[in-house]
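Here is a friendly walk through a few features of the model you are about to see. Keep the sequence and the 3D view side by side as you read.

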Amino acid sequence: MTGLSFKSLSLAVLSGLVPWVAALGQKPIVSFESSDGAFQIVGGDVGTGQIRVSGNDYWGVIRAAGDLAADFGRATGTNFTLSNGKSGASPAKYTFRPVDVSDNTVFKTLDEDSFSGPEYADPDPENTVIIAGTIGTSGIIDQLIEAGSIDVSEVEGQWEAFVSQLVENPMDGVARALVIAGSDPRGTIFGLYDVSEQIGVSPWYFWADVPTRQAESIYVLPDRKVQKSPSVKYRGIFINDEQPGLSSWVATQWNNTWNDAAPYNHEFYALVSELLLRLRANYLWPALWGNMVYVDDPLNQPLLDAYEMVLGGSHTEPMMRAQNEFGSFYDGAWQYNTNNDTIDDYFRYGVQRAKPYARNSLWTMAMRGTGDTAIEGDLGIDAIVDMLETLVDNQRQILVDGLGIDHPSDVPSLWCLYKEVQSYQERGLVVPEDITLLWADDNWGNIRRLPLANETDRSGGAGVYYHFDYVGGPRDYKWINTIQLDKTAEQMHLAYERHARDIWIVNVGDIKPKEIPINHFLDMAYDAELYNVHSTPQWLADWTRREFGPDHVDHVVDIMIRYGMYAARRKYELLEPHVYSVINYREADAVLAQWARLADDTQAVYDALDEDHQPAFFQMVLHPVLAGEIVHKIQINGARNQLYANQKRNAANDVIWDSLQLMYDDSNLTQRWNDMLDGKWAHMLDQTHLGYDYWQQPMRNTLPDMRFVQDVFPSLGGEWGVTVEGSNASAQGDSQWHPLSTNDLFLLPLDPWGAVDRYIEVFHRGPNPCNWFARPQEDYINLSVYNGSVGGDNGSDTRIFVSVDWEKAPAAPSTSEVYIDFTSDCRGFEQYAGDEPRVVVTVENRLLPDNFTEGFVESDGHVAIEALHYQSVYPAQNKTGDDHGHDDHHDHLPPNATALVRRHDGHHHHGDGPEYHLFPNYGRTHSGVGLFPLNTEKLELGEGPALEYSLYLFTNHSAANVTLYISPAANYLGDGNPLEYAVVLFPTGEEQPEPDRVQPIGPNVGGNMPVGWDGAVADSVWGLTGGYTTSTFEVPRAGAYTLRIWALMPNLVVQKIVVDLGGVRKSYLGPPESFLVGRDKRGEYDGTSFASTPGIVGALSANDTRGVVEESGAGGSSMGLGLAFLPLVLGFFMTL
């Protein structure tokens, strides 16, 4: 069987199947072409259309109808008109009494104020083509229901649902119209914006400058549409960590508020509210760090209510009061045990102020310490639990008294179990049943806790507070989008399957530039069945088609899948020179080659787009790719500079000049943001991202530490030097990396089952040009280059690739050592210090037995495996179903490969027991494998199947380390029921010994995360550091071995396995995947870098990963650039 490409399977179906009209993920109700039964509302002889609403409908509905009228203008050049059926009607008014913010401790209001809705036109029945309203409020809609013209039985009384359908003669003088009937005001609003999106107006038309496709004709399709209630009840964002980017931007748009705060005013929140409603969201936690949303602009709270946005507060803002209000207006400590009377008054004021807007309020309960900290005072956890239970009882009574309700359950409320608050719950904190438990992630996209089986029936339900942005340890990440959408999908669907479905809210930082993950998150929340755990490629295709049209769908989807993986390997803020190895596994070369290919591909799409679409593409796609490549180049340059400086290469200086230019390239990208569209987004990208010294942001971007090499005089080891792959050592000359008495360097071993070649580098380390010659002492050693020169007009540092002609090599089994002699005509005084360099090549010619027909082969002292390439599934031994009682063999794909692909439609499970499931394009290099269904409870060993891998090992070892790279995760069923897996390695054909059971993640300690967590989230895997996922087994002899791995619960997603028999070298992504018998062929297998693995995301050819050796010719710093010339060079760069 030919191995399938998951990339091709996922992308082949994305383009050409859906016309460029449907709202993202929505059933089409609009077309740009005529069809049977369709109703033309734009074009031909059709006049200017009118939208009819009832004057007694909700103000937010009428306002959204006005948006739709304007959207027709965006799409066609002519706005629709809006009418309430009365001639000469004034705009609808939303009236309110603003709060008097001169004293924020005693509740007072000012004179009545109002917001005006869109302008009304006189009724025009002949051109009325859309009628919209809310069931039970809109007189028009209720009349149509009573007349039997529309059937709303499927949505009436539901949450945020709507019906859209064509109706004949809906009103006097109206021959035909599209009727939109919402179950509630937001249902109607979503129905209106559904039309907006389908005629080509992106929700991001303002926030990301997506242009609207121009249409000459627009038709309404005859099919009735019933939009059910959203999958998650409350869906929203938290604007947070908003300095410097967003705060600087708003300051360029508006004047400071009356109290000299950043102008997060009602005009700002109008833009935010419109965006969220167009994205079918309904919930907002407003900006908080330097602001007080209720105080800075007293129109903010009524504005959000008028728009029908549900207002809430973060985990530090209980009872509708902004975080900074207490410290600004009240005396005493923020400590309930010592200042409860004052704090209760503080809460009462929040309830009084919010009472007029209670219909669109979601109450955050309890309290934390000041400014996102734990509760203050040395109380001890038991006393805190008692205090919080009393506090919440009092808050609930304040709500009853202040709102005049019968019971606290009459209004929605939440308790956010963030950071240390989760430990209170685990300590026995009693939360009233009607309060929604808002579980939180670890600030890095890994949900810490979800409802247990006995917690899913709570009347208040559960939700999730998630992060796309964070300020805190191990380091901030708030510059640009680094979110892997497949990871978000996996985590949020885990939450959904465990019934955390009442609230999904995500910390989005500055909104921009997180547009893509925000849209994805909210679409999953709106329809979790449509956009299921495996739907990311399809969602990306839908998103691309909406924003940029159908021509580039496949390319953009591929770009975004690659970008999501590359950026999520390690947050940009955590990148440092030490991360990617510049000597082992060609890792840094491969990473940069992947970024370079991605940048080229992305730029090509940008260049092919029409000019109107380029700003949006730059903001959401091109800029992150270009910026990500620059940051990776800078940090890897830092490592190369240190390596080259240790080896005294002239190229160390070239790297510095290159890095200075990269720094200016980075700055120029930011300036491009500032200048784009006449400065519309100036300062939005002010966030620093280079030069972190600790967890908090640097005050200015800086390069990593680098060293200049003196280049006026040659090295004491001569004008040229030699180094080898996998080593810091160099020769001729003294080096801490090889014995002082020798100039021999040892190349990594070559064997038929490993890397196809190894490299040697010859480099310049003096002011004068110099030639060199290389000669292997055996003819079965091949070199890509046998001579050359360094320095001068034509010289350059050279990478020589060493390979073996296995037809000529000593027959297997054999091990031989071959010297490669290096000589030169330009030896200087170094000739008296020692011999010229030699490189020792170890050739290991090994045979496999004929009966080993499938599995991975050891080379270089290790076996590395991408987890999805298992050979079979070892069945459950005490299963309850009958579809796992066999081994699923396959041709190097997961078992039942067709079924795995088929399950992407949302039908994830077809048996009675748990099974393994593929997460494509997931993790750091390829994919992940984990248990399904996601609501599976923890298994006992043997209740579920095991992944089985076949290995052939040549090295006998008393302590072979098997390390699993598993996705960062948490003990989501509680520390008493931790994540767990089992693993065993044993000689094939022998009785399986007892597996090693591993619980990699320890308990939380108060607000502190488990031991090793900092490293895991920084590395984007458990397993790279700390040994938390390493088990040791004896390998008594060479031969075939079986490796079995049992995941005992979902949320344990295995990405990669490394079996170390003493040969694994330091790297970030681990060794390249080993030779797989049955898939790979000798002479074709590359094995030099992770990017050469078949099917890898961003796979590269051997030539792509061979790397670039710094030039050091006549025009560069190698020709004796002295320090006296340095100011001139720096001056040149300062002018860029």
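How many disulfides does the structure hold? The structure holds one, a disulfide being a pair of cysteine sulfur atoms within 2.5 Å.

## About the model

This is a predicted model, in which local features need pLDDT of at least 70 and side-chain atom pairs count only at pLDDT 80 or more, while totals for chains, interfaces and linings use all residues. Residues are numbered from 1 along each chain as its sequence is written, and side-chain values use heavy atoms, leaving out hydrogens and water.

## The disulfide

Cys770 and Cys826 form the link, with an S to S distance of 1.5 Å. The angle about the S-S bond is 65°, and the link is right-handed. Distant parts of the chain are joined here: Cys770 sits in strand 24 (residues 770–776), and Cys826 lies 56 residues away in the loop between strand 28 (814–823) and strand 29 (838–845). Helices (H or I, at least four residues) and strands (E, at least two) are DSSP runs, numbered from the N terminus.

Cys770 counts as buried because its relative accessibility is 3%, whereas Cys826, at 24%, counts as partly exposed. Buried means under 20% relative accessible area, exposed over 50%, and partly exposed in between (1.4 Å probe, protein chains only). Cys416 is buried too, with a relative accessible area of 5%.

## Helix 18

Helix 18 (residues 614–646) has 33 residues and reaches 44 Å from its first C-alpha to its last, close to the expected 48 Å. That expected span is 1.5 Å times one less than the number of residues. At Leu622, shortly before the proline Pro624, helix 18 has a kink of about 45°; the bend at a residue is the angle between axes fitted to the seven residues ending there and the seven starting there.

Why is helix 18 largely enclosed by the rest of the structure? Because 30 of its 33 residues are buried. Lys648, which follows helix 18, has a positive phi, near 65°.

Five strands make an open sheet in the order 21-20-23-27-25, with antiparallel pairing. Strand 21 (730–731) and strand 25 (781–783) are its edges, each pairing on one side only. Two strands pair if DSSP finds at least two bridges between them; strand 20 (residues 720–724) and strand 23 (residues 758–764) have five.

His738 is found in the loop between strand 21 and strand 22 (744–746), and is buried, with a relative accessible area of 9%. Beyond its neighbours within four places in sequence, His738 is in contact (heavy atoms within 4.5 Å) with Ala729, Ser730, Gly733 and Leu745.
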